[in-house]
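Here are my notes after a first pass through the model. Have a look at it yourself, then read on.

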Amino acid sequence: MLRRASKTVSLLAAAVLVLAACTPGNPAEGNKTIKVAYQKTDSFTALDTMFQDAKKEFEAANQGVTVELQPIQGNDDDYGTKLALALRSPSTAPDVFYEDTFKVRSDVDAGYLLNLDSRLAGWGEWDTFDDAAKEAGKADDGGTYAVPLGTDTRAIWYNRKVFEAAGVALPWRPSTWQDILDTARKIKAASPDVIPFNMYAGKGTGEGTVMQGFYELLYGTGAGLYDPDSKKWVVGSAGFKDSLTFLKTLYSENLAVAPAEALDPNVWKKVFGEWFPKAKLGATVEGSYAPSFWQDGGSYAWPGYEQEMGVAPFPTQNGGAPGAVSMSGGWTLAVGAETKQPDLAFNFLTTALNAKNSLAFTVASSQIAVRSDVAADPAYQSANPFVKDVSGLVAVTKFRPATSDYPRISAAVQEATEAVITGSRTPEQAAADYDTAVAGIVGGDKTIRK
Amino acid sequence: MAATHRTRQLLRYLPVLPAVLLLLVFLAGPVLWAFHSSLTNAGLTGRYARNPEWVGLENYQRLLQDPVFPLSLALTVLFVAGSAIVGQNVLGLALAVLMRRARPVVSATVGTAVVAAWVLPEIVAAFAAYAFFSRDGTLNQLLGQFGAAETDWLYTVPMAAVILANIWRGTAFSMLVYRAALNGVPAELTEAAHMDGAGPWQRLAFITLPVIRGSIATNLMLVTLQTLAVFTLIWVMTAGGPANGSTTLPVLAYQEAFKFGDIGYGTAVASVLILIGAAFGAAYLRLLRERNP
């Protein structure tokens with residue numbers, strides 16, 4: 001019996017050995033390959049173009065080195081998940097990757113990113129980067145771990161044709177929330193089949209719900225999400241309830257889209273591709289990258305959008321200082337902490353982000369420039385007529401509190417908006433649910449009533 | 001001599017070895033890994049991504065306090081009962097019985113149509129179902145012919161929509177199982193019952209069904225376990241919404257583990273799912289054993 005068992009074991013062991021022999025050897029031996037992971041979608045190909053160009057340039061300058069591009073198809077959420085899964089293991093981690101600014105801190109905590117301080121000090125072009133943008137690549141220890149590609153702001157994009165038809169004076173510049181509601185009601189009265197003022201809400205549109213919607217409201221009330229001084233999450237604020245009430249008004253008076261449509265994850269495609277070009281939508285809160293969809297070569301190319309569209313800053317609740325609110329995010333390039341060729345990887349990063357490639361990418365994706373030479377370039381300034389307006393919003397912009405808890409907090413906010421627009425909870429109830437959720441996520445002692 | 005005999009006996013186990021190895025690596029491995037992770041605070045990012053800490057049953061305690069969990073559990077049971085146990089199983093049996101009586105042309109046509117949904121990759125079937133139920137989808141266009149108002153099916157009745165979609169997608173399997181089983185029912189048995197004056201329903205209830213009991217139990221087990229794991233279909237059609245209205249356990253596990261990066265908690269949900277699957281499996285196995293002593 002024992003002998004049989006031992007034979008079985010040895011057979012098993014032999015099989016395992018055979019299996020193990022089949023796994024590929026260490027790719028670092030012999031040839032040198034830089035693996036680059038980034039996001040690519042049908043409507044976002046600018047980054048792919050940039051990396052294709054950088055690959056050619058880099059391989060020509062570094063004989064014997066292969067740049068292996070690994071575009072990941074998926075929306076922002078899926079890309080983040082896929083990247084994090086790849087980063088978990090050194091054998092699958094890319095050498096250089098495209099990283100959302102709000103994930104930098106938690107990914108540094110996880111040990112995924114390489115500290116770039118000493119290398120950046122030796123890179124002459126680092127000085128051309130905007131100081132505020134440099135902050136986005138810093139972690140809690142003060143070190144820099146990621147280099148910004150560009151940034152963005154959020155504003156109200158509106159269709160001038162729709163506004164003219166409703167008799168609204170142009171250019172439009174609302175100074176309070178009430179102005180927005182008044183204008184929306186006017187549009188509704190003039191053209192009942194037009195959606196007057198859309199704001200994303202619910203979990204369907206994910207992070208878009210809070211970045212292009214709720215936070216513009218919340219930060220305009222004087223309240224915030226997080227109190228950086230006490231390092232605690234804010235609960236019970238009147239601003240939170242007011243913001244939800246505003247959404248409720250928009251949706252219950254049918255000034256925004258129907259709730260069922262708002263919860264469709266693809267609603268933004270209709271906003272850019274269908275409703276604005278067909279003058280079926282008055283206005284929406286969207287990012288400074290909006291023209292990238294409409295310009296020549298964009299996924300919803302719309303000749304003449306420059307004349308038909310207008311842009312206005314999102315006002316504070318009652319017109320209080322500084323008069324407008326914007327949110328910023330943006331993306332960076334980072335080097336994997338476990339890369340076998342840190343120097344080559346960093347050199348590839350600087351090739352990808354040199355003046356030429358940065359300019360082409362910034363223009364193609366309607367980013368706000370973070371390099372002073374790109375910002376000064378006539379090609380950037382004339383990329384679309386809105387560059388100046390949306391770049392000016394950097395002065396009033398806010399960044400998300402990018403802690404490890406943030407994704408869950410964001411989901412709780414999205415849930416609160418969903419409950420309100422579907423009418424399942426009142427703004428007071430939804431705000432109370434949010435408070436409970438936050439206490440559950442971070443612990444009661446990390447919340448503060450404001 | 002004895003040694004060679006033993007070797008020969010041992011060699012007889014060789015053909016099963018690959019299967020056993022594969023099961024160990026791809027089934028037992030992940031299951032154990034999931035149970036282990038559910039006892040840690042492993043994350044997708046942040047401090048605990050690389051160096052998770054052992055937290056014992058903390059994730060399970062949190063699960064008990066999570067308001068979404070009981071809802072999710074109920075929705076999972078509803079989904080399995082509605083789309084697998086009743087939907088696919090009964091419809092598959094009905095189709096199999098009817099197809100035996102139908103003309104060969106009709107039977108072949110129906111069979112092809114039903115199997116077509118089954119051979120589609122899950123993601124394609126999911127998009128087809130989304131296109132059917134969505135606001136400007138086929139269902140509303142069809143109903144529009146009769147003057148019915150547009151309804152947002154995925155929003156107003158998300159569970160009904162995903163249950164119907166899963167019945168559509170999975171019935172072929174039950175149908176094929178039952179067709180094979182019915183072919184195995186001895187013709188003289190039903191003929192004898194016919195002679196004794198039993199009607200079609202009586203023949204079905206007292207002859208056919210008892211004879212194919214084994215196939216019923218096997219089929220129930222397979223479709224139940226398959227349906228418990230359905231994720232793509234629901235994720236594409238409703239993403240678990242609105243307001244968690246169609247968040248079954250696989251969707252909840254995915255959200256927790258990958259959307260919120262909380263792998264420990266997500267695997268705790270997945271472990272509960274595995275336990276439910278195991279309970280169903282054990283119940284059906286028992287059923288099989290009792291009927292076939």
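1. Ground rules. This is a predicted model, where local features need pLDDT of at least 70 and side-chain atom pairs count only at pLDDT 80 or more, while totals for chains, interfaces and linings use all residues. Residues are numbered from 1 along each chain as its sequence is written, chains are lettered from A and ligands numbered from 1 in the order in which they are written, and side-chain values use heavy atoms, with hydrogens and water left out.

2. The interface. About 3000 Å² is buried between chain B and chain A, and carbon and sulfur atoms give 55% of that (buried area being the accessible area, 1.4 Å probe, that two parts lose on being put together, summed over both). Chain B puts 35 residues into the contact and chain A puts in 36, contact meaning heavy atoms within 4.5 Å. On the chain B side, B:Leu10, B:Arg50 and B:Phe260 supply 22% of the area that chain B buries against chain A, more than any other three residues.

3. B:Lys259 forms a salt bridge with A:Asp77, with the closest N and O atoms 3.9 Å apart. On the side of chain B that touches chain A, two or more residues each come from α1 (2-11), α2 (17-37), α14 (249-259) and α15 (263-291) of chain B; helices here are DSSP runs of H or I with at least four residues, strands are runs of E with at least two, and both are numbered from the N terminus.

4. The cores. The largest nonpolar core has 89 residues, and A:Phe197, A:Leu225 and A:Trp294 touch the most other members. A core here is a set of buried Ala, Val, Leu, Ile, Met, Phe, Trp, Tyr and Cys residues joined through side-chain atoms within 4.5 Å; buried is under 20% relative accessible area, exposed is over 50% and partly exposed is in between (1.4 Å probe, protein chains only). Helix α20 (residues 406-421) of chain A gives this core its largest share, eight residues. A second, separate core of 53 residues includes A:Tyr112, A:Ala133, A:Trp331 and A:Leu333. Beyond its neighbours within four places in sequence, A:Leu225 is in contact with residues including A:Trp233, A:Pro401, A:Ile409 and A:Tyr434.

5. A buried loop residue. A:Gln367 sits in the loop between α16 (355-364) and α17 (372-376) of chain A. At 13% relative accessible area, A:Gln367 is buried. Leaving aside neighbours within four places in sequence, A:Gln367 is in contact with A:Gly150, A:Thr151, A:Phe361, A:Thr362 and A:Tyr380.

6. Most residues other than glycine have a negative phi, and most peptide bonds are trans. Where are the exceptions? The bond from A:Leu170 to A:Pro171 is cis, with omega near -10°, and A:Pro171 lies in the loop between α7 (160-165) and α8 (177-190) of chain A. The bond from A:Ala321 to A:Pro322 is cis too, with omega near 0°. A:Asn254 is not a glycine, yet has a positive phi of about 60°; A:Asn254 is partly exposed, at 45% relative accessibility. B:Ala243 has a positive phi of about 50° although not a glycine, and is found in the loop between α13 (232-237) and α14 of chain B.

Terms used. A salt bridge is a side-chain nitrogen of Lys or Arg within 4 Å of a carboxyl oxygen of Asp or Glu.
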